[in-house]
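Please read this report with the sequence and the structure side by side, and look for each part as it is named.

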Amino acid sequence: EWLEKPGTQAVLSMLTGAGHHALAVGGCVRNALLGVPVTDVDIATDALPERVMELARAAGLKPVPTGIAHGTVTVVSDGEGYEVTTFRHDEESFGRHARVSFGATLEQDAARRDFTMNALYADASGAVVDPLGGLPDLQARRLRFIRDADARIREDYLRILRFFRFHAQYGDPEQGLDPDALAACADHADQLGTLSAERITAELKKLLAAPDPAPAVAAMAQAGVLRQVLPGAQAQALPVLVHLEGDKPGGFLRRLAVLTPDIGTLRLSKAEARDFDKLRAAFSGMDSPAALGWTLGLRLGTDALLGRAALLETPPAPDWRAGVMRGAQADFPLKPKDLMPMLLGPALGLALSRAQKHWLEHDLQPTRDELLALLGLA
Ligand code: ATP
Ligand code: MG
């Protein structure tokens, strides 16, 4: 159990033992209640950051001032980092540069979060504290802004994307999104351009890794949000998103490649950008299922076929799965030594790539002898 881990208990008791409030908060409580694995535990406390530092040192835990200005100290306990954040209260907020003050109550701390299901707390014993009625929303898998959607969005435009992202992850797909919240998202969609590419990318990655992001993405398109973050997005591929293994590591990329021909301002790693380009090239090419299985491997090859079919709005050949599988397991029948000593150096490389191109264009059917004949070496 996530809350019973010695590391978690040590951080909570170092604070409560000194007479402070200390509760797990946000994603960890939400996920635990949903039965979703808890990856990291955030802790809220009424102790001021300096006090958290002091208590952690006294308890033999390592405090790292990762975000002192926002009231956050990361405490390393039993090998894991815990973000301990002092109860905060937004004084007045314009965009991201809200003035925060400490010494707030738990209720005020809850009120400055984004959605009711993200404003749940749990004490060390596991008792849930729900100051804003997030539990019934969570049980109904209903994403609701805290109080007024329009006001919450004006405080931080990233919440527009978080609204669709959390709906995709934890909302009820049968249930539509709250019309007032959607209207507020639409009203402020043009402000998304003011956010950093990193923050936008992080939210879109999580959105696209949800089991089926299509309903949320469709709602984004309708609210005019999608074109702000992915100007090239093409809605016709939405239904196939669910088949593209987005929940596997790096899987968001397959969905992204189907959704848009260009990544706009998103920030991808070099490896991600390379896979994105491979997939887009496969979508526009004519390679057979076997050829794609050989060049891209089983998973990327499968996605390339499904994505291409969705974009062309044409189903792939009936036996395509077997084809990708055959390609993924195939060995190119010519080895460099087959061409030596007749060819060497650049001539050898050219001949091999010519033979390989022919082999791929002919569905991996040509045999070693046929390829040697093609090269005039039989
Ligand atoms: P995840 O599983 O994706 O980490 P999470 O709920 O933990 O989900 P985080 O972005 O890690 O999401 O944020 C932790 C908590 O901090 C949220 O549950 C929410 O209460 C609060 N929070 C984070 N970002 C915002 C924001 N932009 N506006 C308001 N509250 C926020
Ligand atoms: Mg989190």
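## Helix α10 and what follows

Helix α10 is followed by Gly-224, whose phi is positive, near 75 degrees; helices here are DSSP runs of H or I with at least four residues, strands are runs of E with at least two, and both are numbered from the N terminus. This is a predicted model, in which local features need pLDDT of at least 70 and side-chain atom pairs count only at pLDDT 80 or more, while totals for chains, interfaces and linings use all residues. Residues are numbered from 1 along each chain as its sequence is written, and chains are lettered from A and ligands numbered from 1 in the order in which they are written.

Within α10 (residues 214–222), the buried residues are Pro-215, Ala-216, Val-217 and Met-220. A residue is called buried if 20 or more other C-beta atoms lie within 10 Å of its own, exposed if 12 or fewer do, and partly exposed in between, with the C-beta atoms placed from the backbone. The cover over these buried residues includes α7 (158–170), α9 (197–208) and α11 (226–229), where contact requires two C-beta atoms, placed from the backbone, to lie within 7 Å.

## A buried threonine

Thr-302 has its place in helix α14 (residues 289–312). Why does Thr-302 count as buried? It does so because 24 C-beta neighbours lie inside 10 Å. The C-alpha atom of Thr-302 is separated by 7.3 Å from that of Arg-321, although the two residues are 19 apart along the chain.

Strand β5 (residues 80–86) pairs with strand β2 (residues 42–45) in the parallel sense over four bridges, pairing being assigned if DSSP finds at least two bridges between two strands. In this pair, Asp-42 stands opposite Glu-83 in β5.

Strand β4 (residues 72–77) runs antiparallel to β5 and is joined to it by six bridges, with Val-73 standing opposite Val-84 in β5. The hairpin of β4 and β5 has two residues between the strands, and in it Asp-78 takes a positive phi near 55 degrees.

The protein chain is divided into domain 1 (1–139), domain 2 (147–237) and domain 3 (333–374), with bounds that come from an automatic or database domain assignment. The C-alpha centres of domain 1 and domain 2 lie 26 Å apart, and eight residues of domain 1 are in contact with seven residues of domain 2.

The shell around ligand 1 draws at least three residues from each of domain 1 and domain 2. Among the residues around ligand 1 are Asp-42, Arg-113, Leu-158 and Lys-206, a residue being near a molecule or strand if its C-beta atom, placed from the backbone, lies within 6 Å of it.
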